[in-house]
Amino acid sequence: MCISVGPKYSVLFYNFRPKYKIKELGPKFKIAKVTSSPHQRPPLLMEQRLVAAVGRNPNLSPKSSVAVLSLITNPCTSDSTLTTIVETLNLHLQNPNSNHQQILSLLSALSDYHPRLRHRVGAAVHAFILLPSTPTSALPHALSFLNPADSTALDLFSDESLFLSLCFYECVKTRKWMLRNVSKFRMRPSVLLTVLLGFTKDPYPYIREAALDGLVMILNDGVVVEDRSLVGGCYFRAAELLFDADNSVRRSAVRAVSEWGHLHVALNPDESKRDWSDALFLQLCLMVRDMDMEVRVAAFNALGKIPTVSENILLQTLSKKALPSTKEKVYPGRYTAKLSKIPATAAAFAFLHGLEDEFFQVRRSACRALQTPTVLSAEFSCGTVDILMDMLNDDLVMVRLQALETLHHMATYGHLNVAESHLHMFFSVLIDNDALIRSAMRKTLQYTKLQKLAMFRSCIENLIKNLELYPEDEADIFYALYRIGCLHRKFVVKIIQEVSQELEPSFDGKLGFNKVRTAGLFVLAISAPVSLERKTSSIPPQIFSYAVTLLGRISCGLVEVVDENTLLTYLSQCSRFTFTSTSENFEGGLLDFGLKYNHNHLHEKSNEVSSLFPVTMGPKKFTTPLESQVKAMSCVEIIFQKVVDLWPLIQLGCMNEVTRTLRSWKEGISSFTRDTHQTAGVVVFALKYIHIIKLLGNAWAYSFTKTNLQLKGMGALENLLGKMERRLSEMLYRYVGMSRNEELHILELMLVTYAMRLSHGDTSCFEEYTKKLNSVIRSVECLHKEGPVEGSHFVTELLNVSHEIGDSEDKAVDMPDLLLNSLKLFSLKRIVLSGELKYLDAELDACGNDFQKPLPFVPGLPVGIPFEITLRNMSSEIKLWLAISVGHPE
Amino acid sequence: MAIECLVLGAGQEVGKSCVVVTINGKRIMFDCGMHMGYTDHRRYPEFSLISDSGDFTSALSCVIITHFHLDHIGALPYFTQVCGYNGPIYMTYPTKALAPLMLEDYRKVMVDRRGEEEQFSCEHIAECMKKVTAVDLKQTVHVDKDLQIRAYYAGHVLGAAMFYAKVGDAALVYTGDYNMVPDRHLGAAQIDRLQLDLVITESTYATTYRDSKYVREREFLKAVHKCVASGGKVLIPTFALGRAQELCMLLDDYWERTNLKVPIYFSAGLTIQANLYYKILISWTSQKVKDTHARHNAFDFKNVISFDRSLINAPGPCVLFATPGMISGGFSLEVFKQWAPYEENLVTLPGYCLAGTIGHKLMSAKIPTQIKLDEDVKIDVRCQIHQLSFSPHTDAKGIMDLIKFLSPKHVILVHGEKPKMGALREKIQSELAIECCYPANNETVLIPSTHHIEAGASDAFLQSCLVPQFQIFENQCWVYDDRVAQGILTLQNPRVFSQNELRDVLGVENHQVKFAHCCSAAYDSDWSPSISQKNSLLQLLFGIVSRDFPDCIMLDSQKSIQVGSFVVSLCSREECPSSNEDALHFCCTWSATDEELAWTVISLVKNVKLSRDFT
């Protein structure tokens, strides 16, 4: 069926050839095709006529110009026509009488719409620029075509005379273009600097602004200037422009002063560095009282970047009146357009002006700028706490958040001295409506050192109140409680002693631990000091065992410092410091074993870390995608490490515990699956690995300890081993980027599978599995040859066995026992991921086929089924087979 | 040409602001205020100094009012309706809206309460306001062909503006009252960096340095909270416009945050009417109010209710806003009488109280005390007093910051107290190196200003202006761009030319100024060298000079030596009057640019002792 065109249009499209013949495939499909091609191919005759109109006259009439543009923008214009257009335009371009701007715009459109012609257009423009007759006014436009990275255009961008002639051309627009694009030109730095410096005196504010931006740009582009007087010259010139009448010039001047000021400070000898740094600080302080909001923001941004400032100047920023220490001091710089000495009192009230500002942008920037100086001076830091507390009252979340971040920064450097009067403010922030604010406040509290027990107590009470009001913050609050507890261990002991009654089970023997308050106190208790060596605890040890009942919730909060298992081990160990123990619920031997390893493990650590858990010091930033990726990776790594610890349990046949643990890990990992693609491969790998361990455990328990009650009856083991085999080969083939070690690990597990099957005396497919075993052995040997690997007793033994037996006649008789012996040597080793794993995946979806409206088909005729296939991580070399088989539903 | 500045009011005092400025022939009156401290003729500025004939309309180009406070606008109806000024008057839209309210309120108080003679009537106010042209912020108004004025935001009160006036190249800014720190309901003053000859600024707090506004707010809230928490009543006497709204916003916000349920009352009347105006004139308020008003108009106070007289002695805590601010009478006095004797109550006082008012007495009193209202009535004051430090005026730092930002050539201080103004003047002169004065009332100050001439420009000059021609001096990296400055102005038929055109324009030839000097080098008296010997002595000299000046060359077939433009040759004229026997004479010439070089070479030549041994 062809598209029918109404009679009205039939004249226009008299020789129109429809591009698509559309079969009746369903209405949706048809529409899609039609709309995907809004441009129709102009008839060839028309093309020729349009092109011909262009050719004659070098000055294109508006009509012919539009005709060319329509040809260019129509994607169906034939290549030959386009080539003709390029050539014609090129000819016109070289004609000194033509309208160059117009032709250049057309060429620009041409290279935008047809990237394959870009090279030809580039060459034409290049030639045009080099023509002596080319008017200077057309040059910037022409230059904008060329890519400075392109080797053919390089000569133009490194041509100093061209550059200078354009810069000094009388057209202001050209000059502005040149200055804005100054970084594209490969000039000698001395030429660039001279030109930029000169234009800072231009009468046009836009040129001055562009020149200043250029000065900043060339520094950022890595131009190295080492001449101190030249750097000083640029710095002072920029400083003069801080007093420009134009707002935008002042804005750029602030940035230029900041950048060149840093360089200037760095180039000065060490003994005068400090003075110059102070001078830069004061110079920028002047701009915080500018009337333009953006200048003020820029000034505070720049102030925050100054790494060293004298303490007396910082203290001056807190007071409006001149301090005795700064009263008489002057520094080089611009104070007003006329005065070239800045008194140190110019810093007066600088930060406070910013914090009082009407615009939140300025307040936020001023808050941020406080971060660096508060680190420099404890006394200054003390002075700013009050005002930052006031900022916590700000109307805008952004400003409050920034104020909290600054406080947090101060706290991490130990410069946050919280007085009792401040606590009230702090605690009111803890019940803020905004979750981000609450979280930032808790982060600040974590690092805050409180002087008195009363302050600590009210802090804990308020955190618990926070917990009661916002149960969704639980994990974060637990972490905060733990951290603040670690920081104030003596206070923790006192508080826990006070409330220990509350933590005891009630008289009727029930543990009333569902109260959030109790949970919070348990977390606090965990941070209490214990001595592992002497097996003493500073708080009643039974509290540790009570805490075990809330293990899941607590470990969720402490996930950043400890994983659930270690925490459990720690808690049970601490609780064993007395005679009572909650280990009755477990089989004695099992726990003994479990602890033996972890006990040693903890012993190693107890020497270095007083808190038992590795405490990460330094500020924790808010979670970023990268961080969650790292988190996923480290989580997977920890699990792989822990899997090894499970092996003895499997050997003992405690599959219930093992399965439970594995399940919890699986849940843990599953939470990452929605994250980034980078980790997706690893996460899927880990999930599959855990599954295999479960299967292996079950099979092992079945064949060696015969304790697994769930697996009974014939064929259960075969079934398990079959599943394992399939999973393992899937793991082997569906990942890209697996290292030799990983591959060996999987192969070893495969060997275990086959060995188990063979040793179990499954005679039905003896031949088949011997073959499989041998082929895997060969692959292992191949991998062994590639380089040294960590030996595994089991594999070595198995290799020996296979060599010994060879093709002997009675191998079917000897083999099971030999294999059984070698299997006994097997122990699970840790699998170490060496890098990124990519999971090959394909999704197939038959479109338009649903239950109510299946695809139409006529029996006996071929049927077209549209498929949507999504491929992940498939490289082009991989061949993909699509097998369709016909099944019978009955 | 000079700017003539006649201070008719607010010179070395606060009250009746009025400054008449003559600038390039135009006369502008800034503000037309009345002094609240006087009831005789001194309450008005001395208008007769403007014009002897009393024809103010032709004597003044325009009148500009900065804001609606009576000390800035109070005399306006008198000036227009009684004195007969009929020319243009400019003020901002909010000022135009609020000024009649203020004037009418004042008239009523004067006539109805104090029984004074009416200075101007209700009709006068209405007629006066009809003559007013309202302007917007940053709108340039061409008063006439030469005079431009522009308003800038000043903070202070709703609608307050600083005014920029420019005639030709002479320009000035009259600040009126302004605030450099934003408060809750108004923003900070905002002005462009302008080329100014003169800034006339207020100096109410010429030597005061105020603490951060957060500290002030904290103290106020703490005092109020403490009082209501212990069951007391808080009386906040305020002016109807400005502080009332500011404090109300502060309290409303605090009530909201801390969930306080204590009622806040507004005494009816002017204040409620004023609140209406604030709600409408959102674009003149602070950035925060502007940003949030789409969601919630900050002047829709959630916790504020209007007050009823019967509530004065109702039990329980409350907060009450009442006018007037200095407890000089009216409702605030009525409530004060009832509440002052109880210690749990609190009365706040504004930062500034006129002498004679109860507010002023309380400021210096020690509680508990007795205050005499009149002969018969005494009030026992046992309540707490909290002095507010909120002020809509900038402090000394703000004044300095504004002057530093504007960097005018001259500053005149008005609207302040004399000794403090003196201190501020010293500071401006020493710290910013800007001339400053603070004339008394009815004094005239002359300030030199830019002379303004209109001149044409030649094409060549315009052309040369387009092309950048900067120079950079290597040692200091000083940059000069002489593009615009490098022209020549002819004063007859004023026109600017480029340097190259000068000869054609003036129709003269090019002359070069050269210096000449006769320099002699002595030789032994018993020796008279021949011409050739003299020439070889010149050779010798060349050797000496070229040692110090390597770019030195021999010219004219070995007869002269040249260094730069400096040329030295043997004096050949026998009749030369300065010639004597025992010296060799040289004629030296050089152009003005090489003067220093020339004298160095000459001293070199003079120190040479020639003898025959050399030849």
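Reader: How do the axes of helix 19 and helix 22 of chain A cross?
Author: In this predicted model, the axes of helix 19 (residues 360-369) and helix 22 (residues 397-412) of chain A come within 8 Å and cross at roughly 5°. Helices here are DSSP runs of H or I, at least four residues, numbered from the N terminus; axes are lines fitted to C-alpha atoms over the stretch in contact, with angles from 0 to 180 degrees between N-to-C directions. So helix 19 of chain A is roughly parallel to helix 22 of chain A (angles under 35 degrees count as that).

Reader: Which residues make the contact?
Author: Among them are Phe360(A) and Cys367(A) from helix 19, and Met398(A) and Val399(A) from helix 22. Contact means heavy atoms within 4.5 Å.

Reader: OK, switching to the interface. How many residues of chain B are in contact with chain A?
Author: 45 residues of chain B touch 50 of chain A. About 4100 Å² is buried between them, with carbon and sulfur atoms giving 56%; that's accessible area (1.4 Å probe) lost on being put together, summed over both parts. In chain B, Arg193(B), Tyr214(B) and Phe470(B) lose the most, together 16% of what that side buries.

Reader: And how many salt bridges between the chains?
Author: The count is 4, taking a side-chain nitrogen of Lys or Arg within 4 Å of a carboxyl oxygen of Asp or Glu. One of them joins Lys288(B) and Asp395(A) at 3.7 Å, N to O.

Reader: What are the ground rules on numbering and confidence?
Author: Residues are numbered from 1 along each chain as its sequence is written, and chains are lettered from A in the order written. Local features need pLDDT of at least 70, side-chain atom pairs 80 or more, while totals for chains, interfaces and linings use all residues, and side-chain values use heavy atoms, leaving out hydrogens and water.

Methods
Buried area is the accessible area (1.4 Å probe) that two parts lose on being put together, summed over both. Helices (H or I, at least four residues) and strands (E, at least two) are DSSP runs, numbered from the N terminus. Angles under 35 degrees count as roughly parallel, over 145 as roughly antiparallel, 65 to 115 as roughly perpendicular and the rest as oblique.
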